[in-house]
2 protein chains.
Amino acid sequence: MWQLYQFPLCPFSRKVRLLLGEKGVGYELVRESPWARRDEFIDMNPAGQVPVMTDQTRNLLLIDSMAICEYFEETIDKSAMISGSAAYRAEIRRQVAWFDAQFFADVTAPLLHERMEKRLVTRVAPDSKVLREAMRAAVRHLDYTDYLLDHNNWMAGSTMTLADLAAAAHISVVDYLGGIDWKNHEQTARWYRGLKSRPSFRPLLSERMDGIQPTSHYDDVDF
Amino acid sequence: MWQLYQFPLCPFSRKVRLLLGEKGVGYELVRESPWARRDEFIDMNPAGQVPVMTDQTRNLLLIDSMAICEYFEETIDKSAMISGSAAYRAEIRRQVAWFDAQFFADVTAPLLHERMEKRLVTRVAPDSKVLREAMRAAVRHLDYTDYLLDHNNWMAGSTMTLADLAAAAHISVVDYLGGIDWKNHEQTARWYRGLKSRPSFRPLLSERMDGIQPTSHYDDVDF
C-alpha cells in the first residue's frame, strides 16, 4: 500500500492526489508538516519537502511531485495525463512547470506564507501589502488561464491532462485561503466547476487545515 | 534546424546542451539575456526564462528545461538519459529536481546574482556575506554528491543519466564563477573530470560570458 506524506494545503501533493484519484491508485495519507523539519522525514527526503510516497512492502521511495507523476504515468495506463504527440506532451509539461513555478511563486507561496505559516508557525499577523500583491498576481494568472481556455476545453488542448491537475491544485489552495476573485474569469470558473465535480477532487474539498477555515464557497461545486 | 535561446552561464540551458550533445542533435545558439525582458522573447515564453527551443520549419516551440529534456528523450533514442526501471527513472528525475531546485537555490542562483547580474546589470559590488554562505552551501552539496558517488560511478546509479548532466551543468557554472573548493571532494572531482572530457562538454568549456573571466582551472580537463 502506498503512503503519501503531505499536508492538506500543499499544492504539489494535491496535484499528485488528483493524478492518483484519476488513475484509481489507492494510498494512505500521512500527515507531514515540512516546516517542522522532522529528523526521520529529512532522512527520507533531504530536500525536506512533500509530497513523498513510499511503498514499504516493495521498498519503493518516490520524491518530487513531478517525478511521482511521471512514475504513475509510466506504470498505470488508466487515464493517461501526459499523452498525445511529443510536442503536446512538451506543452503539458511546460504548463505544469508554469503552475508549479510561476503561479506558485507569484500567488500560492505568498498566500500560504501569509495565511497559513504565519498563523500556524510564526504566529505573526499577515502582511496586507504582500497579500494584495499576490491577489493582483492571481488576477493576471487567471487572465492567462482564461486565455488558454478560450480556444480549448482544457488547459493544454482538447483533453484533460496533468496541466489541468496542476492548475486546479494551485487554484484550490489559493481559493481555500480566499485569494481568488472569481469575478470576470468565467472561462476558468467554468473549467474549475467541472474539475471540482470529479470524484478525484472530492477528498480534497472535504479536508480542512487545522485552525484555518476555507472561504464559504470553497467546497461548493456549483459556485 | 533547432534554435536554442540561452546565455553562456545558464545552468538549465547547459543541461539541455549536454543532453543534445550526447544525443547528437544539432542546434544553433541564440543569445538571450532574460534579465533584459525583451518583448519578443516574453511573447514567446511568458515565463521570461531560458532555455527555449524553436524549430521554425516544423513550427515547434519548446519551453522549460525539463520539458525540453523529456521531449528529446522521447524523440531521440540515442544515448537514453532517463532509462531503466520506473523506480530508477523516478530517482533520476528526483536528482534532476534536486540540482535544479535545491542546488540552484543554495549555490548557483546566489553566485550568478552576486558575480554575474551585479556586474552586468545592476553594477553594484557583490555581497561577500551572501557569497560566503553560497560557497559553504556548495561544500555541503559536494559532500552529498560525494556520498552519491561513493557507491556508484554515476549520480543515480551505474549508468550516466540526466542527473549527471544536471549536476555537471550547475557545478560548471559555479566553478566558472570560482564558487567551488575542490579540496576534499575527490569522488565528485573524479566524476567531473570524466564529464569534462566528453565531446558534449567541450563547447561549454570554451565559451565565455562577456566581461567575466572563469577561474584558471575552469576549462582544464585534468584539474
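Is B:P214 buried or exposed, and what is its relative accessible area?

View 1. B:P214 is buried, with a relative accessible area of 16%. Buried means under 20% relative accessible area, exposed over 50%, and partly exposed in between (1.4 Å probe, protein chains only). The residue sits in the segment after α8 (202-206) of chain B. Helices are DSSP runs of H or I with at least four residues, strands are E runs of at least two, and both are numbered from the N terminus. Leaving aside neighbours within four places in sequence, B:P214 is in contact with B:Y176 and B:R208. Contact means heavy atoms within 4.5 Å. B:P214 and B:S65 are 149 residues apart in sequence, and their C-alpha atoms are 24 Å apart in space.

**Conventions.** This is a predicted model, in which local features need pLDDT of at least 70, side-chain atom pairs count only at pLDDT 80 or more, and totals for chains, interfaces and linings use all residues. Residues are numbered from 1 along each chain as its sequence is written, chains are lettered from A and ligands numbered from 1 in the order in which they are written, and side-chain values use heavy atoms, with hydrogens and water left out.

**View 2. A:S216, in the segment after α8 (202-206) of chain A.** A:S216 counts as exposed, at 74% relative accessibility. Its C-alpha atom is separated from that of A:Y176 by 8.7 Å.

View 3. Chain A is divided into domain 1 (2-75) and domain 2 (86-206). These bounds come from an automatic or database domain assignment. The C-alpha centres of domain 1 and domain 2 of chain A lie 20 Å apart. Their contact takes 17 residues from domain 1 and 25 residues from domain 2. UniProt, in an unreviewed entry, places "domain: GST N-terminal" at residues 1-80 of chain A. Over that span the chain is 38% helix and 22% strand, with end C-alpha atoms 21 Å apart. The UniProt annotation "domain: GST C-terminal", also from an unreviewed entry, covers residues 85-218 of chain A. That stretch is 69% helix and 0% strand, and its end C-alpha atoms lie 35 Å apart. UniProt positions follow the numbering used here, feature names are shortened, and annotations may be inferred rather than shown by experiment.

**View 4. The largest nonpolar core, with 75 residues.** A nonpolar core is a set of buried Ala, Val, Leu, Ile, Met, Phe, Trp, Tyr and Cys residues joined through side-chain atoms within 4.5 Å. A:L9, A:M53, A:F72, A:L162 and A:W191 touch the most other members. Domain 1 (2-75) and domain 2 (86-206) of chain A both give residues to this core, so it lies between them. A:L9 touches A:R14, A:L112, A:M116, A:V173, A:Y176, A:L177 and A:M209, not counting residues up to four places away in sequence. A second, separate core of 74 residues includes B:L60, B:Y71, B:V96 and B:I180.

**View 5. Helix α3 of chain A and A:E70.** In α3(A), 9 of the 11 residues are buried, so the helix is largely enclosed by the rest of the structure. Among the buried residues are A:S65, A:C69, A:E70 and A:F72. A:E70 lies in this helix (residues 65-75). Its relative accessible area is 3%. The side chain of A:E70 makes a polar contact with the side chain of A:R93 (2.7 Å). A polar contact is a pair of N or O atoms within 3.5 Å; within protein, one must be able to donate a hydrogen and the other to accept it, and residues adjacent in sequence count only if both atoms are side-chain atoms. Not counting residues up to four places away in sequence, A:E70 touches A:I82, A:R93, B:E70 and B:R93.

**View 6. B:E22 in helix α1 (residues 11-23) of chain B.** B:E22 counts as buried, at 9% relative accessibility. Its side chain makes a polar contact with the side chain of B:R198 (2.7 Å). Beyond four places in sequence, the contacts of B:E22 include B:K78, B:M160 and B:S200.

**View 7. Cysteines.** The structure holds 0 disulfides over all chains (cutoff: a pair of cysteine sulfur atoms within 2.5 Å). For A:C10, the nearest cysteine sulfur is that of A:C69, 11 Å away. A:C10 counts as buried, at 3% relative accessibility. For B:C69, the nearest cysteine sulfur is that of B:C10, 11 Å away. B:C69 is buried, with a relative accessible area of 1%.
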